[in-house]
Amino acid sequence: MRRWKCKVCGYIHDGESPPDICPVCGAPKEMFIEITDEQPAPGKTADVAKPGARKEETPDVKANWMFKQISKHHLHPISVHIPNGVLPVSIIFLILAALFQKSIFSTVAHYNLVFVVLSMPMVLFSGFIDWKLRYKGIMTFPFKIKIGCGIVVTLASLLLTVWLFIDPQVAVASPLQIPFLIVCLVLLAAAGLAGFFGGKLVFND
Ligand code: FE
């Protein structure tokens with residue numbers, strides 16, 4: 001059985017030929033190299049990384065020392081877990097505010113949403129650095145989804161935060177309660193989708 005490795009994400013494929021598209025990162029089959037034995041093929045060392053290992057930068061990436069440190073020390077997964085952890089709490093409290101018509105639940109959610117908004121610039125910045133350095137800036141389906149979801153999460157969390165400042169009762173009792181809660185669910189779905197594809201890339205499955 002021949003083995004192939006994706007040069008972008010490190011995914012391993014067993015078969016006579018590489019897959020048309022990498023099931024993890026969406027890279028085309030041209031990005032696969034054959035693994036002939038335990039050792040990488042001569043001249044291919046820089047392109048082959050163990051799953052989960054740090055990828056080598058492409059020569060055209062002019063990353064300075066700070067960018068390399070951000071990627072090396074996993075700032076993106078660290079920072080992204082702030083909104084991914086706090087967001088569901090916010091949305092749960094907003095739904096509770098609507099169900100039980102309790103302003104205190106909405107207030108709790110509002111404070112949490114402020115933390116989400118404050119964390120997003122670092123999430124987006126570190127994600128961009130990781131994408132350029134680890135994944136060679138390849139613009140395939142998983143990365144389009146992640147970038148799109150990152151933008152949706154940023155804008156939606158900002159919208160909800162400002163909305164709650166303008167109308168603190170919007171989740172509790174308001175003609176705009178349903179549209180407000182729909183934005184909440186869109187926000188939650190976007191964060192979940194970004195996390196799903198992030199997990200696929202990190203764990204190579
Ligand atoms: Fe891949």
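**Notes on the model**

1. Aspartate 130 and arginine 134 are both in helix α3, four residues apart, which is about one turn of the helix. Their side chains meet in a salt bridge, 3.3 Å from N to O; the term stands for a side-chain nitrogen of Lys or Arg within 4 Å of a carboxyl oxygen of Asp or Glu. Aspartate 130 and arginine 134 are both buried. Buried means under 20% relative accessible area, exposed means over 50%, and partly exposed lies in between (1.4 Å probe, protein chains only). Helices (H or I, at least four residues) and strands (E, at least two) are DSSP runs, numbered from the N terminus.

2. On the basis of these notes: this is a predicted model, in which local features need pLDDT of at least 70 and side-chain atom pairs count only at pLDDT 80 or more, while totals for chains, interfaces and linings use all residues. Residues are numbered from 1 along each chain as its sequence is written, and side-chain values use heavy atoms, with hydrogens and water left out.

3. By the salt-bridge rule, the count comes to four. One of them pairs arginine 3 with aspartate 14, with the closest N and O atoms 2.7 Å apart. This pair links distant parts of the chain, since arginine 3 is in strand β1 and aspartate 14 is in strand β2 (residues 12-14), 11 residues apart. Arginine 3 is partly exposed, because its relative accessibility is 39%; aspartate 14 is also partly exposed, at 42%.

4. A salt bridge also joins the side chains of aspartate 20 and lysine 29, at 3.5 Å from N to O. Aspartate 20 counts as exposed because its relative accessibility is 57%. Lysine 29, at 32%, counts as partly exposed.

5. Arginine 2 lies in the segment before β1 (3-6) and is partly exposed, at 33% relative accessibility. Leaving out residues up to four places away in sequence, arginine 2 touches His13, Asp14, Gly15, Glu16 and Glu34, where contact means heavy atoms within 4.5 Å. What joins the side chains of arginine 2 and glutamate 34? A polar contact of 2.8 Å does. Such a contact is a pair of N or O atoms within 3.5 Å; within protein, one must be able to donate a hydrogen and the other to accept it, and residues adjacent in sequence count only if both atoms are side-chain atoms. A polar atom of the arginine 2 side chain also lies 3.2 Å from the backbone oxygen of glutamate 16. Between arginine 2 and proline 18, 16 residues apart in sequence, the C-alpha to C-alpha distance is 9.0 Å.

6. The largest nonpolar core has 29 residues, and those with the most contacts inside it are Leu87, Leu94, Leu160, Phe180 and Leu187. A core here is a set of buried Ala, Val, Leu, Ile, Met, Phe, Trp, Tyr and Cys residues joined through side-chain atoms within 4.5 Å. Helices α2, α3 (103-134), α4 and α5 each supply at least two residues of this core, and α5 gives the largest share, eight residues. Apart from neighbours within four places in sequence, leucine 160 is in contact with Leu113, Phe180, Val183, Cys184 and Leu187. A second, separate core of 15 residues includes Cys22, Cys25, Phe32 and Trp131.

7. Alanine 171 is in the loop between α4 (141-166) and α5. Is it buried or exposed? Alanine 171 is buried, because its relative accessibility is 0%. Beyond four places in sequence, alanine 171 touches Leu94, Ala97, Ala98, Ser106, Gln177 and Phe180. Glutamine 177, in helix α5, is buried at 18% relative accessibility.

8. Ile95, Leu99, Phe100, Leu185 and Leu188 make a nonpolar surface patch of about 480 Å². Patches are made of residues with over 30% relative accessible area and no salt bridge, like charges being joined within 9 Å and nonpolar side chains (Val, Leu, Ile, Met, Phe, Trp, Tyr) within 5 Å. Accessible areas come from the Shrake-Rupley method with a 1.4 Å probe, and for residues only the protein chains shown count as cover. Helices α2 (75-100) and α5 (177-203) each supply at least two residues of the patch, and the largest share, three residues, comes from α2. Leucine 188 is in helix α5 and is partly exposed, with a relative accessible area of 31%.
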